[in-house]
Amino acid sequence: MILILDFGSQYTQLIARRIREEKVYCKLYPGNRPIRSFSGIKDLKGLILSGGYASVYSKDAPWPDPEIWALDVPILGICYGMQLIAERFGGKVVPSKCREFGLANVNVECNSSLFNGLSSEETLWMSHGDKLSKIPKGFEITAKSDNSPYAAIENTTKNIYGVQFHPEVKHSVNGKAILENFIFKICGSKRDWTMKSYIVDEIKRIHEQVGKSKVLCALSGGVDSSVAAVMLYKAIGKQLICVYVDHGLQKLGEAERVCEVFGRMFGKNLIIVSAKKIFLSKLKGITDPEQKRKIIGHTFIEVFDREAKKLKGIDFLLQGTIYPDVIESVSIKGVKSPIKSHHNVGGLPEKMKMKLVEPLRFLFKDEVRVLGKELGIPAEIINRQPFPGPGLAVRTLGEITEEKLNILKAADNIVTEEVRKAGLYEKIWQSFAIILPVKTVGVMGDARTYEYVIAIRAVNSEDAMTADWVKLPYELLSNISSRIINEVKGANRVVYDISNKPPATIEWE
């Protein structure tokens, strides 16, 4: 096992993802958690200290339990983690006159075990405002950049390594090789963790958590909730009751599709709840994105609580929460700065009457798809593009009205149809429409129009933590635009979003 201590970096879970890709088991804990609370310490092969947004010299800077330094396993510090190492062993960290965010050319010492097999100059991703001004006694410099004379340090006697850059980010050209060197050459890990072993472990955990209680599933029909539902069904069978809330924020024809596909799978244990009027009434007049998400979250729980009372004996709520939802929502790790609230995370009331079961909480989307394949779920479900938990609410900017939702559903359906026709649907991470809260003047025939603007968004990503906009063919964009303007009443202009994540998010709200 590799243990990762999280000090608040938005990239922390990417470290775990890269390690899992190598079929090595890893666990992630809050950086300041006491060592006695770590499970599996006897199997520990290495320790990684993540990056973070704090400064190690600040009074409120998070520090690890001092006992980690006596674990007698290799340690790798990344960015803030390297600065913790420097300060701990007598080095010095200071504010940098020239902050470093983005790609940097780094000269590395190839004789170092950490950089074995790399070129003497590598392109790596930097993201820091502090830097080392003095390295600790007993440490050697193994990499440097124009702005960071101590871009990497190591003490082979203590088996401690530190890098100022982020090897876990895909923009670091050979970052994966650096992590592989640490995991295999330095820590001596083995490739023995698979999704099959995850299923065995998770089913055991579900049994221990749930026992003979009934579980209510928040089924949306998307990849995450579908895989979570089948996972629970495999574990507890008819103890699982699936509830599909028809809240009016789904894609066109989604409610009918869910009834058809999952009705066959779960039979009478699938309950359809019509709640469109409830959601729209509570969202009336609301324009703030965070408020929208939390209203949707609270309303979901209210509906499930109501259904649970009807069914009796419901003690648990199953949710298809995955890690990108968590990392961008609330500070579950104690030091993370939230980006946005996810309805499964930030919208839960403190006194919720049901306990949560979240079998996918620490998996990325691509891992969820692999899990779905292992569980035998049809490709038509697991190959669907990701769809946000709050549905079209986060793609309807400004106040949500039935008119705007109908316009958006029709436009979004055209996007999906045309992308499929072009053979690009399964090659693109996400492609969808957004309705903007502005109207523009147009002309159709001899008449003046004043209607809504539709934005098109298409991005590629591996994990939803970063994303690049897709350069869709002009002919495809032309077909989409022409169809929307001609077929969707209420829209007279189409624009294309060419923003990457970061700085933009995938969803507009």
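I take a polar contact to be a pair of N or O atoms within 3.5 Å. The model I am reading is a predicted one.

**Entry: Arg457**

I began with Arg457 and the polar contacts of its side chain. A polar atom of that side chain lies 2.9 Å from the backbone oxygen of Thr505. I also found the side chain of Arg457 reaching the backbone oxygen of Ser499, at 2.5 Å. I placed Arg457 in strand β16, which covers residues 447–460.

Is Arg457 buried or exposed? I noted a relative accessible area of 0%, so Arg457 is buried, the cut-off being under 20%. Leaving aside neighbours within four places in sequence, I listed what Arg457 is in contact with: Gln430, Ser431, Phe432, Ile434, Trp469, Asp497, Ser499, Ala504, Thr505, Ile506 and Trp508.

**Entry: Gln164**

I looked up Gln164 next and found it in the loop between β9 (160–163) and α3 (175–186). Gln164 has 1% relative accessibility and counts as buried. Which side chain does the side chain of Gln164 meet in a polar contact? I found the side chain of Gln83, at 3.4 Å. Not counting residues up to four places away in sequence, Gln164 touches a set of residues including Cys79, Met82, Gln83, Met126, His128 and Asp130. Lys131, Leu132, Ser148, Tyr150 and Ala151 are also among the residues that Gln164 touches.

**Entry: Ala54**

Ala54 sits in the loop between β3 (46–49) and β4 (75–78). I noted a relative accessible area of 21% for Ala54, which makes this residue partly exposed. Beyond four places in sequence, Ala54 touches Pro62, Tyr80 and Asp130. Asp130 is also one of the residues touched by Gln164. I checked Ala54 against Ile382 as well: the two are 328 residues apart in sequence, and their C-alpha atoms are 38 Å apart in space.

I found Pro386 in the loop between α11 (379–382) and α12. How far apart are Pro386 and Asp224, in sequence and in space? They are 162 residues apart in sequence and 8.3 Å apart in space, C-alpha to C-alpha. Not counting residues up to four places away, Pro386 touches Lys365, Arg369, Arg395, Trp429 and Gln430. Gln430 is also among the contacts of Arg457.

The crossing of α5 past α10 is left-handed. On the α5 side I listed Val223, Asp224, Val227 and Met231, which meet Lys365, Val368, Arg369, Leu371 and Gly372 in α10. By class, this contact has 5 nonpolar, 1 polar and 3 charged residues.

**Entry: α12 with α13**

Helix α12 (residues 402–421) packs with helix α13 (residues 474–487) at an angle of about 150°, the axes being 10 Å apart. That makes α12 roughly antiparallel to α13. I recorded the crossing as right-handed. From α12, I listed Ala411, Ile414, Val415, Glu417, Glu418, Val419 and Lys421; they meet Leu476, Asn479, Ile480, Arg483, Ile484 and Glu487 in α13. Their classes are 7 nonpolar, 1 polar and 5 charged.

**Entry: α7 with α8**

I then read helix α7 (residues 276–283) against helix α8 (residues 289–311). They pack at an angle of about 145° with their axes 10 Å apart. α7 passes α8 in a right-handed crossing. Ile278, Phe279, Lys282 and Leu283 of α7 meet Lys292, Ile295, Ile296, Thr299, Phe300, Glu302, Val303 and Arg306 of α8. I divided the residues of this contact into 7 nonpolar, 1 polar and 4 charged.

**Entry: α1**

Last, I looked at helix α1 (residues 12–21). Of its 10 residues, 9 are buried, so α1 is largely enclosed by the rest of the structure. Which residues of α1 are buried? I listed Thr12, Gln13, Leu14, Ile15, Ala16, Arg17, Arg18, Ile19 and Arg20. Just after α1, I noted that Lys23 takes a positive phi of about 60°.

Methods
Residues numbered from 1 in each chain as written. Predicted model: local features only at pLDDT ≥ 70, side-chain atom pairs only at ≥ 80, totals over all residues. Heavy atoms only, no water. Helix = DSSP H or I, 4+ residues; strand = E, 2+ residues; numbered from the N terminus. Buried < 20%, exposed > 50% of the residue type's maximum accessible area, 1.4 Å probe, protein only. Polar contact = N/O pair within 3.5 Å; in protein donor to acceptor, adjacent residues only side chain to side chain. Contact = heavy atoms within 4.5 Å. Axes fitted to C-alpha atoms, helices over the stretch in contact; angles between N-to-C directions. Parallel < 35°, antiparallel > 145°, perpendicular 65-115°, else oblique. Left-handed = near helix turned anticlockwise from the far one by under 90°. Nonpolar A, V, L, I, M, F, W, Y, C, P; charged D, E, K, R; others polar.
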